[in-house]
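Visitor: I have a chain on screen and would like a guided look at it. Can we take it piece by piece?

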Amino acid sequence: MKKTFLIFGGLLLSTFLTYGQANISPAPAQSKPVVIIGGTIHVGNGQVINNGYVAFDKGKITAIGEGAAPNTAGANVIDATGKQVYPGFICPITTLGMVEIEEGARGTVDESETGDLNPNARSIIAYNTDSKVIPTVRSNGILLAQPTPTGGVISGMSSVVQLDAWNWEDAAYKTDIGIHLTWPVARAQGRRRAAPAPGASQETPAEKAQKEIDAINSLFSQAKAYAEIAKPEVKNIRLEAMKGLFDGSKKLFVNADGAKEIVQAVGFGKKFGLSIVIVGGNESYLVTDVLKDSNVPVILKETQRLPDRDEDDVYLPYKLPKILQDAGVLYGLTGIGFWRQRNLPFEAGEAVGYGLTKEQALSMITINNAKILGIDKTTGTLEVGKDANLFVSAGDALDMITINVQTAYIQGRNISLDNLHKQLYRKFAAKYGVKANL
């Protein structure tokens with residue numbers, strides 16, 4: 001009976017995933033020039049252009065400025081008078097496209113591999129462009145993301161994708177940009193420390209963490225030695241995947257929240273000559289001098305949370321961006337998981353209430369994230385020569401009340417902003433005779 005129920009449930013799930021939004025298709029390549037006029041243009045680097053224009057052709061921005069556009073002949077002209085124009089938001093460190101149903105059917109979760117050391121695991125090939133969650137995130141101006149593997153000590157490699165594609169090959173924006181490491185924690189985690197269970201190992205958290213650190217050092221020593229061999233006789237796929245860490249073509253993203261762990265991770269990066277990024281960084285405010293002196297950026301994870309310690313300022317997570325800004329540390333922002341990434345612009349906006357300017361908050365999820373991910377030469381700001389990744393909103397895109405993304409472009413392609421949520425809203429609005437403003 002149980003087996004029959006599981007099979008039936010699986011069939012229902014597959015039917016739902018298959019037909020949930022089959023009418024939402026990726027946009028074709030840009031076929032003619034586009035000029036957006038009359039809007040307030042937020043460049044992404046702190047500059048704001050009032051009554052400005054931005055033009056793009058063949059997927060690239062060709063002109064941007066204030067006043068009347070120099071040439072609109074043969075172009076599709078978009079009047080954005082009274083509206084806001086933004087660079088596309090960038091979401092780093094996410095399981096978007098890798099998880100479809102949280103804590104749900106196993107067939108909808110593909111975010112991790114078995115084992116603790118998987119530097120060769122590539123998240124890009126697990127990325128599902130048909131996820132029904134992606135359009136809901138895209139509708140809030142998030143146009144690029146970094147699907148990231150989870151689990152283990154070294155979880156694998158991540159890539160940057162654009163969020164309007166037929167398959168993962170089309171989606172790939174920059175592949176295999178970094179490897180993800182979770183730094184061992186030398187203390188019991190959580191606000192309340194439970195007593196060890198009867199028969200459990202008497203090894204202290206510090207002892208356990210040191211063993212793990214020793215294992216990480218050993219692995220990286222092997223990887224560095226392997227990288228120095230021009231043509232190894234025996235190819236090791238794990239060590240092969242780590243080569244880029246030692247020639248600068250890949251970054252090491254280190255999950256570390258505590259001040260001690262952050263300092264250890266920074267020292268580890270220096271020891272092996274690595275370009276590292278701290279992910280999480282809840283206590284980064286305690287070691288800003290170390291981060292700045294070592295030129296190590298931080299990707300903060302969600303501001304809508306409580307601080308780690310009971311004695312901490314309850315508003316500390318909201319104040320962290322301002323603290324790092326004042327300290328001169330490069331910082332970006334991500335959310336949690338996958339579907340909650342649609343709140344990314346609002347979390348950035350909340351930092352405005354705790355010291356950041358609106359343009360600094362915008363930079364946090366545009367050019368700052370682009371710099372950290374190594375894609376700032378092609379996206380992150382609205383500048384001539386960069387990809388036309390941008391959108392038009394009728395209101396402030398960092399405010400959940402006023403945001404209203406009306407038009408969006410990825411590499412110049414006018415993408416669909418429809419999603420399953422909007423479709424269901426229209427469906428039941430029609431049933432009950434309610435006017436649907438979507």
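Visitor: In strand 11, which residue is the bridge partner of leucine 252?

Guide: First, the ground rules: this is a predicted model, where local features need pLDDT of at least 70, side-chain atom pairs count only at pLDDT 80 or more, and totals for chains, interfaces and linings use all residues. Residues are numbered from 1 along each chain as its sequence is written, and side-chain values use heavy atoms, with hydrogens and water left out. Strand 10 (residues 251–256) and strand 11 (residues 276–280) run parallel, joined by five bridges. The partner of leucine 252 in strand 11 is isoleucine 276.

Visitor: How many helices and strands does the chain have?

Guide: Both are DSSP runs numbered from the N terminus: helices are H or I with at least four residues, strands are E with at least two. By that count, the chain has 13 helices and 16 strands.

Visitor: In strand 9, which residue is the bridge partner of isoleucine 154?

Guide: Strand 8 (residues 154–162) and strand 9 (residues 172–182) run antiparallel, with six bridges between them. Isoleucine 154 pairs with leucine 181.

Visitor: And in strand 10, what is the bridge partner of threonine 182?

Guide: Here the sense is parallel: strand 9 and strand 10 share five bridges. Threonine 182 has as its partner asparagine 255.

Visitor: How many residues of strand 10 are buried?

Guide: Buried means under 20% relative accessible area, exposed over 50%, and partly exposed in between (1.4 Å probe, protein chains only). Across the 438 residues of the chain, 50% count as buried. Strand 10 is mostly covered. Of its six residues, the buried number is five.

Visitor: Aspartate 176 is not a glycine; what is its phi?

Guide: Aspartate 176 sits in strand 9. The residue is buried, at 16% relative accessible area. Its phi is positive, about 50°.

Visitor: Where is glutamate 302 placed?

Guide: Glutamate 302 also has a positive phi, about 60°, although it is not a glycine. Its relative accessible area is 8%, so it is buried. Its place is the loop between strand 12 and helix 9.

Visitor: Leaving aside neighbours within four places in sequence, which residues is serine 284 in contact with?

Guide: Serine 284 is in the loop between strand 11 and helix 8 (288–293). At 0% relative accessibility, it counts as buried. Contact means heavy atoms within 4.5 Å. The contacts are Ile262, Leu291, Val298, Leu300, Leu320 and Leu324.

Visitor: What is the volume of the largest cavity?

Guide: On a 1 Å grid over the protein atoms alone, a cavity is a set of points where a 1.4 Å probe fits but cannot get out; lining residues have an atom within 4 Å of a point. Points are joined across faces, edges and corners, and the volume is the space filled by probe spheres set on them. The whole structure holds one cavity of 30 Å³ or more. Its lining includes Asn282, Tyr285, Arg305 and Asp312, and the volume is about 40 Å³.

Visitor: Which residue in the turn between strand 2 and strand 3 has a positive phi?

Guide: Strand 2 (residues 48–57) and strand 3 (residues 60–66) are antiparallel, with six bridges. They form a hairpin with two residues between them. The residue, with phi about 55°, is lysine 58.

Conventions: Two strands pair if DSSP finds at least two bridges between them. On a 1 Å grid over the protein atoms alone, a cavity is a set of points where a 1.4 Å probe fits but cannot get out, and a pocket is an open set with protein on both sides within 12 Å along at least five of seven lines; lining residues have an atom within 4 Å of a point.
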